[in-house]
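Here are some short notes for your review. They cover a helix pair and some aromatic rings.

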Amino acid sequence: MPRDEKQAISVRKSTVPERIVGALLLAVITVVFFGIAVKYLPGSTMLQEVTAFANEPAQWATTQIFPYGQHSGPGEQYWDYVYWAAGILIYTVFWFFVVSMMWSTRRKVYSRGSV
């Protein structure tokens, strides 16, 4: 293959690993931010509503594993770990889609020649 043809073939490197790492980092920041907000910010009705809404997906996922009611066994001690892991997982998926949409929008804008 002539040298010009080799240069013409562009191999596009996958950006999925970078997007996953970025989404995971944003998810951890999101979950920690809401944890700090609940603990240290002065209480207000708006703050309670926003944090309740933001924590609802993790709450739902945790109640699927540990339903409400009395727990007879060692499951109750792991509730916090499952809650945090579920929150991070759910927000990782959310941020992955947001970052992917931003990435595809950026690629379309640059491919048209706009800066």
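Is Phe97 buried or exposed? Point 4 has the answer.

1. This is a predicted model. Please read the points below with that in mind.

2. Start with the helices. H2 spans residues 16-40, and H3 spans residues 45-65. They pack at an angle of about 145 degrees. Their axes are 10 Å apart. The crossing of H2 and H3 is left-handed.

3. Now the contact itself. H2 contributes Phe34, Ala37 and Val38. On the H3 side, these meet Leu47, Val50, Thr51, Ala54 and Asn55. Six residues of this H2–H3 contact are nonpolar and two are polar. No charged residue takes part in the contact.

4. Next, Phe97. Phe97 is exposed, because its relative accessible area is 52% and the exposed class begins over 50%. Its ring pairs with that of Phe96. The two centres are 6.1 Å apart and the planes stand at 65 degrees, so the pair is edge-to-face. An angle over 60 degrees is what that class needs. Phe96 has a relative accessibility of 22%, so Phe96 counts as partly exposed.

5. The structure holds four aromatic pairs. One of them joins Phe94 and Trp95. This pair is edge-to-face too, at 5.2 Å centre to centre, with 70 degrees between the planes. Phe94 is partly exposed at 43% relative accessible area. Trp95 is also partly exposed, at 23%.

6. Last, the cluster. Ring pairs link Tyr91 with Phe94 and Trp95.

Conventions: Residues are numbered from 1 along each chain as its sequence is written. This is a predicted model: local features need pLDDT of at least 70, side-chain atom pairs count only at pLDDT 80 or more; totals for chains, interfaces and linings use all residues. Side-chain values use heavy atoms; hydrogens and water are left out. Axes are lines fitted to C-alpha atoms, for helices over the stretch in contact, and angles run from 0 to 180 degrees between N-to-C directions. Helices (H or I, at least four residues) and strands (E, at least two) are DSSP runs, numbered from the N terminus. A crossing is left-handed if the near helix is turned anticlockwise from the far one by less than a right angle, and right-handed if clockwise. Contact means heavy atoms within 4.5 Å. Ala, Val, Leu, Ile, Met, Phe, Trp, Tyr, Cys and Pro count as nonpolar, Asp, Glu, Lys and Arg as charged, and the others, Gly among them, as polar. Rings of Phe, Tyr and Trp (its six-membered ring) pair if their centres lie within 6.5 Å; planes under 30 degrees apart count as stacked, over 60 as edge-to-face and the rest as tilted. Buried means under 20% relative accessible area, exposed over 50%, partly exposed in between (1.4 Å probe, protein chains only).
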